[in-house]
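Welcome! Take a look at it first, and then we can go through a couple of spots together.

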Amino acid sequence: MTSTTPEHLDILVIGAGISGIGAGHYITTELPEKSFAILEGRSTFGGTWDLFKYPGIRSDSDLHTFGYEFKPWEAKDSIADAHKIIDYLRETIEENGLGEKIRYGHKVVSADWSSEDARWTVQVERDGERFAITAGWVFFGSGYYDYDQGFTPEFAGRDRFAGQIIHPQFWPEDLDYTGKKVVVVGSGATAVTLVPSLLNGDKRAAHVTMLQRTPTYIMPVPKQDPLTNLFHRAFGHRIGHDLSRKRFIWQQRGVYVFAQRFPDLARKIIRRENAKRLPEGYPVDVHFNPPYNPWDQRLCAVPNGDLFKAIRSGDASVATDKIVTFDETGIELASGEHLDADIIVTATGLKLKLFGGVTLSVDGREVDITQSVIHRGAMLSGVPNVAIAIGYTNSSWTLKIGMLFRYITKLIQHMDARGLDVAVAVADPDMPTRPALDFEAGYVQRALHELPRQGEADDWRMSMSYFEDAKRLNSELSLGEESGLRLSAGTRAAVTV
Ligand SMILES: Cc1cc2nc3c(=O)[nH]c(=O)nc-3n(C[C@H](O)[C@H](O)[C@H](O)COP(=O)(O)OP(=O)(O)OC[C@H]3O[C@@H](n4cnc5c(N)ncnc54)[C@H](O)[C@@H]3O)c2cc1C
């Protein structure tokens, strides 16, 4: 290699969050002879679980399915605090020797595929300098949202507010809210985590109000699952993990399918569970009865019903109303009510950003990803040798990621055995398509026009079902042209097998 020849690797993984670290495991175990690196823009691993610092930050999913298939989740809590997820990821890095593969402070800005050389040239920024690395494959483990900006709607009078306005994505760790009146604007997973947590730690707010325009479905779940812990005690962590995982996969799917098939009944059950935990005479239908059906948007889990306990204590309340304006002392609502606040937390969501903001081009022509169709949830049509990691939005993200990376590593093994080194998904230009995510969550709806697309046929549908993916990604693979994949020898000589 001369000083002008970029370093070359077989595989470049972008991002050292739970997806990128998982990819590292599958490359190490399934493709041990491949050279690879994981480029991480930040100074540490963990992605989401390191970025968010708000009080109580935790998973919504159980860790038996949010954790990896290959590494048992041994802690007793099924719903886990962020620092425990970070510990788990640290162990995964150590156990798989990934420490030397992750390069921190390496932000990928663009990737250009050369058909002539059958490789990617990836532009990387480090310490303000830009340099290139070439790679046979690029695996995206870059998450789905913008790390630099959260989403906050325009609020009239915002500048008039005399207190502090905080977005949970940029929580100042030294924020002292002791004895203060806090209004949390939002009703998603972050808001329902924050409300009880602001009343429970070393610091303690005087009162917390969750202000929502529209209610969310909220279900109490046990933080520790007795059956899971029994499995682990009786059979050890390996078998215990496999059993718990299977059980939670079935449970998640069962709840989802039930909610979609019998929305009225599901709504009644959720309402009953909420009402049981709220004070007598509480206006459940005003604050906890959304206008949409259960699981049309992500259902929020509250461990051990902590949100309801906070409301029952009188230290937390919910307001369902429209904001007219912020003023010097709080928020004026459409109903005429005024919420006094010292601190306003805008738990109003994320800004979607796919593929880490990396500009993709093929032979110098920029790829318009809104015209690409996702193949088997794993590749983008017209973009060779690229793997993407978009997990489930209706159950644990990681369940899908494991299957995707196993599929891609199998595909590479299949190609290696035949002397092939270019895989591209080819979509029929007449195929009817729609945006890749059918999900009503605000951050998806706001960004529909920026998403790649999906088709109707099996290989082109963005499946949100573990069982469907297990069938199409895990079983005997069809890797011929009929599956929409075109495999070729690129710069190699094909071999007959
Ligand atoms: C507060 C919160 C709670 C959540 N809870 C759950 C839950 O309980 N269950 C669930 O299924 N999902 C949950 N999610 C969704 C969650 O983000 C994903 O499930 C999962 O953590 C995503 O992992 P990831 O590795 O794909 O992405 P991320 O965690 O976002 O990690 C991406 C990594 O890629 C790096 N990166 C991005 N672009 C570049 C680039 N251009 N160059 C170099 N590096 C780059 C980032 O710095 C980051 O480290 C939650 C999300 C949030 C925000």
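In this predicted model, a polar side-chain atom of Ser-19 sits 2.5 Å from an oxygen atom of the ligand. The protein covers 94% of the 980 Å² of accessible area that the ligand has on its own.

**Around the ligand**
- Of the 34 residues around the ligand, those that come nearest are Ser-19, Glu-40, Asp-60, Ser-61 and Tyr-147.
- Asp-60 places a backbone N or O atom 2.5 Å from an oxygen atom of the ligand.
- Val-108 also has a backbone N or O atom to look for, 2.9 Å from a nitrogen atom of the ligand.
- At least two residues of the shell come from each of α1 (18-30), α2 (48-51), β4 (107-114) and β7 (145-150).
- Sorted by class, the shell holds 14 nonpolar, 15 polar and 5 charged residues.

**A look at Ser-463**
- You will find Ser-463 in the loop that runs between β26 (453-454) and α12 (466-474).
- Ser-463 counts as buried because its relative accessibility is 2%, while the cut-off for buried is under 20%.
- The side chain of Ser-463 reaches the backbone nitrogen of Ser-465 at 3.0 Å, and it makes a polar contact with the side chain of Asp-469 at 3.5 Å.
- Setting aside neighbours within four places in sequence, Ser-463 is in contact with Tyr-392, Lys-400, Glu-468, Asp-469 and Arg-472.

Notes: Residues numbered from 1 in each chain as written. Predicted model: local features only at pLDDT ≥ 70, side-chain atom pairs only at ≥ 80, totals over all residues. Heavy atoms only, no water. Helix = DSSP H or I, 4+ residues; strand = E, 2+ residues; numbered from the N terminus. Buried < 20%, exposed > 50% of the residue type's maximum accessible area, 1.4 Å probe, protein only. Polar contact = N/O pair within 3.5 Å; in protein donor to acceptor, adjacent residues only side chain to side chain. Contact = heavy atoms within 4.5 Å. Near = heavy atom within 4 Å. Areas by Shrake-Rupley, 256 points an atom, 1.4 Å probe, with all protein chains shown as cover. Nonpolar A, V, L, I, M, F, W, Y, C, P; charged D, E, K, R; others polar.
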